[in-house]
Amino acid sequence: GKSTKKRTLYPKKKKTYYVENTLSPEWSDQCFLFDVDQEAMSVTRGYMIRVQVRSFEFLKTHSLGQADVQLHNLRDQRVQDGWYPLTGRRTVSSNPSEFDGSIKLRTQWIYTIPALLEYRSLLSEKRLTNLKSCLNGINDQITRAKNANSSESSRVKRFFS
């Protein structure tokens, strides 16, 4: 039979940006891509992504826990939002099944070419929409600056006439 040993993707570490001074940090629009062994598509269990949550304080860090995302739960290639309990942190009772807190993750496992193309297309559309929104904001600022400048020069002309 096949080995039931868990295979994690965590040797391939990725890090989020640091969120300061909050007990409820949010990481918006941050995504990570991992290469997954071909075997993971045919094996029903054993592959996961481990998310480690750490707190950074002056000159020290400590673990708030970790959450494991099982790839077999993501086989439909759709985006899934879910809350994952944080485990592995030493609590007063030292019971590893207890957890303090949870983390909300949006996950998706894409392993076919058509799904990858659709994903890239959606990302491109989202980026284009964001860029158009930024362009509109810049154009609005330019228009306001021109109007303010025009209004100011009118006042200066009236003052000296």
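Trainee: What pattern does the protein chain follow, read along the sequence?
Mentor: The order is β-α-β-β-β-β-α, with two helices and five strands in the protein chain. Helices (H or I, at least four residues) and strands (E, at least two) are DSSP runs, numbered from the N terminus. Residues are numbered from 1 along each chain as its sequence is written. This is a predicted model, where local features need pLDDT of at least 70, side-chain atom pairs count only at pLDDT 80 or more, and totals for chains, interfaces and linings use all residues, while side-chain values use heavy atoms, with hydrogens and water left out.

Trainee: What does the protein chain average in pLDDT?
Mentor: The average is 80, and 84% of the residues score at least 70. pLDDT is the predictor's confidence in each residue, from 0 to 100.

Trainee: Okay, salt bridges. How many does the count come to?
Mentor: Two salt bridges, taking a salt bridge as a side-chain nitrogen of Lys or Arg within 4 Å of a carboxyl oxygen of Asp or Glu. In one of them, Asp68 pairs with Arg50, and the closest N and O atoms are 2.7 Å apart. Asp68 sits in strand β3 (residues 60–70) and Arg50 in strand β2 (residues 47–57), so this pair ties together parts that are 18 residues apart in sequence.

Trainee: And what does Asp81 form a salt bridge with?
Mentor: Its partner is Arg106, again with the closest N and O atoms 2.7 Å apart. Asp81 belongs to strand β4 (residues 80–85) and Arg106 to strand β5 (residues 102–107), so the pair ties together parts that are 25 residues apart in sequence.

Trainee: Let's go inside. Which residues make up the largest nonpolar core?
Mentor: It has 12 residues, including Ala40, Val53, Ala67, Leu74, Tyr84, Ile103 and Trp109. β2, β3 and β5 each supply at least two residues of this core. A nonpolar core here is a set of buried Ala, Val, Leu, Ile, Met, Phe, Trp, Tyr and Cys residues joined through side-chain atoms within 4.5 Å. In soluble globular proteins, nonpolar side chains tend to be buried together.

Trainee: What is Ile103 in contact with?
Mentor: Leaving aside neighbours within four places in sequence, Ile103 is in contact with Val51, Val53, Ala67, Gly82, Trp83, Tyr84 and Leu86. Contact means heavy atoms within 4.5 Å.

Trainee: Trp83 is on that list. Where is its place, and is Trp83 buried or exposed?
Mentor: Trp83 is in strand β4 and is exposed, with a relative accessible area of 59%. Beyond its neighbours within four places in sequence, Trp83 is in contact with Ser102, Ile103 and Lys104.

Trainee: New topic: where is Gln77 found?
Mentor: Gln77 is in the loop between β3 and β4, and it counts as buried at 16% relative accessibility. A polar atom of the Gln77 side chain lies 3.3 Å from the backbone nitrogen of Thr112. Gln77 also has a positive phi of about 65° although it is not a glycine. Most residues other than glycine have a negative phi.

Trainee: Which residues is Gln77 in contact with?
Mentor: Setting aside neighbours within four places in sequence, they are Gln108, Trp109, Ile110, Tyr111, Thr112 and Ala115.

Trainee: Last one: how many aromatic pairs does the count come to?
Mentor: One aromatic pair. The rule is that rings of Phe, Tyr and Trp (its six-membered ring) pair if their centres lie within 6.5 Å, with planes under 30 degrees apart counting as stacked, over 60 as edge-to-face and the rest as tilted. The rings of Trp109 and Tyr111 have centres 4.6 Å apart and planes at 50°, so the pair is tilted. Trp109 is buried at 6%, while Tyr111 is partly exposed at 26%.

How values were computed
Buried < 20%, exposed > 50% of the residue type's maximum accessible area, 1.4 Å probe, protein only. Polar contact = N/O pair within 3.5 Å; in protein donor to acceptor, adjacent residues only side chain to side chain.
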